[in-house]
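Subject: Structure handover

Hello,

Please find the structure below. My notes on it follow.

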Amino acid sequence: MTATTVDIGTSPDGTLVIRPHGSLDDTDAVDLQRTLVHAIRHTRPLRLVVDLIEVGELDPINLGTLAAACHLGDEHQVAVFLDHPQQAIADRLASAGVPAHRVRDVGTHTG
């Protein structure tokens, strides 16, 4: 992912927010994985939010990466949340084993 496909920021309460844009496919997989692993293992915020509001499509590799990030966050005491996914993406995340409490504000996609 390049700077034009993802925004990273910190909210006033210290939550790290990663907001990818567009469709996440196999060309984004390595960069998304590196970004999430670095955030969880090295930055170690109390909360990490991956805001999916601007993600239209999510391929199986990136789906697995998001599911794994939730588990990795648990191991490193970082609460990982996946916010604003489209309903279809939320359903796929659930099928991949992402706990329901990690997926928030489903279907509030505006794009």
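Which residues does aspartate 83 touch, not counting residues up to four places away in sequence? I come back to this once the background is in place.

This is a predicted model, in which local features need pLDDT of at least 70 and side-chain atom pairs count only at pLDDT 80 or more, while totals for chains, interfaces and linings use all residues. Residues are numbered from 1 along each chain as its sequence is written, and side-chain values use heavy atoms, with hydrogens and water left out.

Confidence. pLDDT is the predictor's confidence in each residue, from 0 to 100. The protein chain averages 91, and 93% of the residues score at least 70. Helices (H or I, at least four residues) and strands (E, at least two) are DSSP runs numbered from the N terminus.

Five strands form an open sheet with mixed pairing, in the order β1-β2-β4-β6-β7. β1 (6-10) and β7 (103-104) are at the edges with a single partner strand each, so one side of each has no neighbour in the sheet. Strands count as paired if DSSP finds at least two bridges between them; β4 and β6 pair in the parallel sense over five bridges. Valine 50 stands opposite leucine 82 in β6. Helix α1 packs on the sheet, touching β1, β2, β4 and β6. Its direction makes about 175° with that of β2 (axes are lines fitted to C-alpha atoms, for helices over the stretch in contact, and angles between N-to-C directions run from 0 to 180 degrees).

Helix α1. Buried means under 20% relative accessible area, exposed over 50%, and partly exposed in between (1.4 Å probe, protein chains only). The buried residues of α1 are Ala29, Leu32, Leu36, Ala39 and Ile40. They cover an arc of only 115° around the axis, which puts them on the same side of α1; the arc is that of the directions from the helix axis to the C-beta atoms. Arg34 and His42 are exposed on the other side. After α1 comes arginine 44, with a positive phi near 50°.

Back to aspartate 83, which is found in strand β6. At 7% relative accessibility, aspartate 83 counts as buried. Aspartate 83 touches Val49, Val50, Asp51, Leu52, Ile53 and Arg104, leaving aside residues up to four places away in sequence; contact means heavy atoms within 4.5 Å.

Regards
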